[in-house]
Amino acid sequence: MKKIVGIDIGGTMIKYGLLSIEGDILENGEVETEASKGIEVLFEKLCNIVSKYLKSNDILGIAVSGTGQIDGSIGKVIGGNPIIPGWIGTNLVEKLEKEFNLPAVLENDVNCAALGEKWLGAGKGQDNFICVTIGTGIGGGIVLNGEIFRGSSCVAGEFGHIQIEKNGKECLCGKKGCYERYASATALVSLAKEKTGKIYNGKQIFDKERKNEPIFVEVIKEWVDYFTDGLSTITYIFNPTLIIIGGGVTKQGDYLLNKFKDSLDSKLGVNYKKNLEIKFAELGNNAGMLGAEYLLLKKVGIL
């Protein structure tokens with residue numbers, strides 16, 4: 001039975017696995033990215049991962065989900081934050097295919113997450129939906145007619161840089177008041193610190209809010225309000241039937257999902273919420289790898 005090597009490159013960790021063509025994760029593991037050491041060290045790590053599985057002689061290809069702005073049509077990194085020296089400008093697909101003589105794909109991590117959810121998760125059976133991920137920043141994936149919409153220069157879906165506060169907090173992109181500066185997981189931690197003077201992680205913040213500690217009730221209410229401000233803008237632009245929300249905060253389950261739904265409901269006109277469904281992502285940390293596999297299977301003609 002043919003298998004795929006799946007890899008998800010993050011700024012901190014590289015997650016990887018051996019995948020069946022049905023999307024089952026047969027083996028998995030992770031190693032530190034050591035981003036500051038640059039592209040050559042990163043590429044060596046990727047080669048070590050692939051080589052580990054090549055011994056079985058039944059590898060169909062290499063499917064990679066990666067951080068940054070990526071032209072997925074050719075597998076080249078074209079922009080983003082320079083956290084991995086030399087990453088921007090690298091055609092990873094070209095390097096991997098030359099090294100291993102196997103087909104490979106590389107796509108942006110949020111686009112991969114959206115495709116993973118389309119194939120096997122919350123978007124299964126849906127050809128048109130929006131995916132929004134809440135993490136260090138806010139990412140977006142747009143699925144139209146069953147395909148990722150990349151835009152004219154392959155950077156569509158950067159929802160985190162919608163401006164929601166004029167002359168607001170400075171963002172790494174150079175603008176002020178960006179969505180992710182107010183509604184990301186990082187922003188939630190920052191907001192709690194502003195209100196309390198102490199540093200709490202996201203789980204601690206939600207735990208305290210569930211216990212009705214007033215200052216944390218206020219923090220979550222304000223953060224949810226910011227999140228749905230941006231989500232309402234996205235809804236008015238796309239008029240989707242489905243929005244899938246991903247990221248670590250979704251571990252809070254229906255408790256948080258219902259807060260998002262209630263807050264968003266008051267910000268949308270009747271025709272925008274008539275057919276709208278909002279779900280949390282179902283594939284967790286595996287969505288990126290599985291979405292990259294989906295692209296590889298399409299590339300080789302299996303899907």
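1. Two rings of Phe, Tyr or Trp (its six-membered ring) form an aromatic pair if their centres lie within 6.5 Å; planes under 30 degrees apart count as stacked, over 60 as edge-to-face and the rest as tilted. The structure has twelve aromatic pairs.

2. A word on the model: it is predicted, so local features need pLDDT of at least 70 and side-chain atom pairs count only at pLDDT 80 or more, while totals for chains, interfaces and linings use all residues. Residues are numbered from 1 along each chain as its sequence is written, and side-chain values use heavy atoms, leaving out hydrogens and water.

3. Have a look at Trp223 and Phe260: their ring centres are 5.9 Å apart and their planes are at 50°, so this pair is tilted. Trp223 belongs to helix α7 (residues 214–238) and Phe260 to helix α8 (residues 254–265), so the pair links distant parts of the chain, 37 residues apart; helices are DSSP runs of H or I, at least four residues, and strands are runs of E, at least two, numbered from the N terminus.

4. Both Trp223 and Phe260 are buried (under 20% relative accessible area, with exposed over 50% and partly exposed in between, using a 1.4 Å probe and protein chains only). Ring pairs also join them with Tyr179, Phe206, Phe227 and Phe280 in a cluster.

5. Which residues of α8 are buried? They are Leu256, Leu257, Phe260, Ser263 and Leu264. Seen down the axis of α8, these fall within an arc of 135° (taken from the directions from the helix axis to the C-beta atoms), so they line one face of the helix. The face turned away from that buried side carries the exposed Asp254 and Asp262.
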